[in-house]
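Colleague: I am new to this structure and would like a close look at a single part. Could you walk me through the aromatic pairs?

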Amino acid sequence: MDQHPREGGVVFDSMFSMETHINKVCSCGFYYLHNLRRMRRYLSQDWPALIHTFVTNRLDYCISLMYGLPQWQISKLQSIERCCSYCS
């Protein structure tokens, strides 16, 4: 049995704090940014579209569940948004 069950792509922890989900979204986002940045010279002008496809869409998915979270959790997601804007 999984320690952190998924429901509709959102990872829930025992306290419903969304911390596990945010950590997974952040790690996936930085993973995709790192790999896209390594392949940047081989990509055409679709570079910003790929960032939006792989990273920004993950951030926006189920964003309404994150309403009312503490600022320290939201700042983790904002750090990926800043990296996306820097890369594109």
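**The aromatic pairs**

Modeller: Happy to! A search of the whole structure finds two aromatic pairs; rings of Phe, Tyr and Trp (its six-membered ring) pair if their centres lie within 6.5 Å, and planes under 30 degrees apart count as stacked, over 60 as edge-to-face and the rest as tilted. Tyrosine 31 and tyrosine 32 make an edge-to-face pair, with 5.6 Å from centre to centre and 65 degrees between the planes. This is a predicted model, in which local features need pLDDT of at least 70 and side-chain atom pairs count only at pLDDT 80 or more, while totals for chains, interfaces and linings use all residues. Residues are numbered from 1 along each chain as its sequence is written, and side-chain values use heavy atoms, with hydrogens and water left out.

Tyrosine 31 is exposed, at a relative accessible area of 52%, whereas tyrosine 32 is partly exposed at 24% (buried means under 20% relative accessible area, exposed over 50%, partly exposed in between, with a 1.4 Å probe and protein chains only). Tyrosine 32 also pairs with phenylalanine 54: the ring centres are 5.3 Å apart and the planes lie at 25 degrees, so this pair is stacked. Because tyrosine 32 sits in helix α1 (residues 19-38) and phenylalanine 54 in helix α2 (residues 47-60), the pair ties together parts that are 22 residues apart in sequence. Helices here are DSSP runs (H or I, at least four residues), numbered from the N terminus. Phenylalanine 54 is partly exposed, with 34% relative accessibility. Put together, ring pairs link Tyr31, Tyr32 and Phe54 into a cluster.

Conventions. Helices (H or I, at least four residues) and strands (E, at least two) are DSSP runs, numbered from the N terminus.
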